[in-house]
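Please keep the sequence and the 3D view at hand while reading.

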Amino acid sequence: MAEMGSKGVTAGKIASNVQKKLTRAQEKVLQKLGKADETKDEQFEQCVQNFNKQLTEGTRLQKDLRTYLASVKAMHEASKKLNECLQEVYEPDWPGRDEASKIAENNDLLWMDYHQKLVDQALLTMDTYLGQFPDIKSRIAKRGRKLVDYDSARHHYESLQTAKKKDEAKIAKAEEELIKAQKVFEEMNVDLQEELPSLWNSRVGFYVNTFQSIAGLEENFHKEMSKLNQNLNDVLVSLEKQHGSNTFTVKAQPRKKTKLFSRLRRKKNSDSVPAKGNKSPSPPPDGSPAATPEIRVNHEPEPAGAATPGAALPKSPSQSSLPAVVVETFSATVNGTVESGSGAGRLDLPPGFMFKVQAQHDYTATDTDELQLKAGDVVLVIPFQNPEEQDEGWLMGVKESDWNQHKELEKYRGVFPENFTERVQ
């Protein structure tokens, strides 16, 4: 009998729940159709929006933090393998072998400690923070259902009161159900009205603590890692001193294309040989008065027909035998197009100047179109006249010392390996 009674209660509860769902569904339909009014609380709705936003942000932060931890673990594994490689290549008779091994061991421990502290002080805190959201989310949903029950009970009570034929017993029962529904709703509503704003305000302190922990752990990790790296560097410097004669030499990338300047210079030399019977004088040497004629521009108007020797403009660039840089500079000056932002048209930099590099190693030129470099030489980098002529890993330029002294590109420019230099400007 007890078992049957238990089943009866269970069946009755199920039937009651089904009836509630039907009643709620009907009420929501009537509210959407505008046939029944809906209790609104704009302040609470704002709290719910803040809650959803906070949950979304927290979930994203948790995901990104897990990604960060996975990256730390991957870096740990990569660092460990790199140190293992160093252990394998470090020969037994080399100085500092034990020190290098100890540094690798400490490196491994440091990565492990960093990862574990991130888990303890950031990820677990993050999990605890987000752990409170599911319960509150469930209570918000339940409050919504209880609000629908309250509205439904209220509408039922109001409809009985306005009916033409009143049934006092039904009205009394409906009023009792309304009071009960209102009490259940208000209890849940009051609790959430207090908790949601408090939870929303707590996000500031949580974000501060979380990111402070991460920043502090990362700062300490890099400090300790820097010390280990310095110790390893000292060991390798000691190794280099004892095996200095076998220092690794930096090599330039091989050039595969036809040597540009060799071809151009051969063509220029063949073009400069005068034809038989040609009486044209050869170009004056660099630095002579004829090589760089004085150019004077008279800004005062001259009388008609006046012939002032210094006022005449030189020939057009196409007719002039001046070097290209002089022609370009003069043309820019006359036309008022001198630009200070690039090498084009500037007297102190070659045309097309892009940036400066400084040689870090000596380089011995292997062809006539290459620059001979000494460590410390500064080179002014310029573009290739034909970009297709540029080999990978090679730049075109003129040494700053040659440019400052001669202001000429044709004779002093050349190509050089980029990996022998470092950009300085």
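Val381 has Gly397 in E3 as its bridge partner, and Val381 is also the bridge partner, in E2, of Phe355. The model is a predicted one.

**Overall make-up**
- From the N terminus, the elements follow the order α-α-α-α-α-α-α-β-β-β-α-β-β.
- Of the 425 residues in the chain, 31% are buried.
- Among contacts with a separation of 6 or more, 70% come from residues 24 or more positions apart.

**The sheet**
- Five strands make up an open sheet with antiparallel pairing, in the order E4-E3-E2-E1-E5.
- Strand E4 (414-417) and strand E5 (421-423) are the edge strands; each has a single partner strand, so one side of each lacks a neighbour in the sheet.
- On average, neighbouring strands of this sheet are turned by 50° against each other, with direction ignored.
- Strands of a sheet are paired through backbone hydrogen bonds, in either a parallel or an antiparallel way.

**Strand E2 and its partners**
- Strand E1 (residues 355-359) pairs with strand E2 (residues 378-382) in the antiparallel sense, over four bridges.
- Within this pairing, Lys356 stands opposite Leu380 in E2, and Phe355 has Val381 as its bridge partner.
- E2 is also joined by four bridges to strand E3 (residues 394-399), and these two strands run antiparallel.

**Helix H5 and its neighbours**
- Two packed helices are described by the angle between their axes and by the distance between those axes.
- Helix H4 (residues 133-161) and helix H5 (residues 168-242) have axes that come within 8 Å and cross at roughly 150°.
- That angle makes H4 roughly antiparallel to H5, because angles over 145 degrees count as such.
- The crossing in which H4 passes H5 is left-handed.
- In the contact of H4 with H5, the residues divide into 18 nonpolar, four polar and 11 charged.
- Helix H3 (residues 97-131) also packs on H5: the two axes come within 10 Å and cross at roughly 175°.
- H3 and H5 are therefore roughly antiparallel to each other as well.
- The contact of H3 with H5 has 17 nonpolar, seven polar and five charged residues.

**A loop residue: Lys407**
- Lys407 lies in the loop between helix H8 (400-406) and E4.
- Its phi is near 50°, a positive value in a residue other than glycine.
- Most residues other than glycine have a negative phi.
- Lys407 has a relative accessibility of 31% and so counts as partly exposed, since that class lies between the cut-offs of 20% for buried and 50% for exposed.

Technical notes: Residues are numbered from 1 along each chain as its sequence is written. This is a predicted model: local features need pLDDT of at least 70, side-chain atom pairs count only at pLDDT 80 or more; totals for chains, interfaces and linings use all residues. Side-chain values use heavy atoms; hydrogens and water are left out. Two strands pair if DSSP finds at least two bridges between them. Axes are lines fitted to C-alpha atoms, for helices over the stretch in contact, and angles run from 0 to 180 degrees between N-to-C directions. Angles under 35 degrees count as roughly parallel, over 145 as roughly antiparallel, 65 to 115 as roughly perpendicular and the rest as oblique. A crossing is left-handed if the near helix is turned anticlockwise from the far one by less than a right angle, and right-handed if clockwise. Ala, Val, Leu, Ile, Met, Phe, Trp, Tyr, Cys and Pro count as nonpolar, Asp, Glu, Lys and Arg as charged, and the others, Gly among them, as polar. Buried means under 20% relative accessible area, exposed over 50%, partly exposed in between (1.4 Å probe, protein chains only). Contact means heavy atoms within 4.5 Å.
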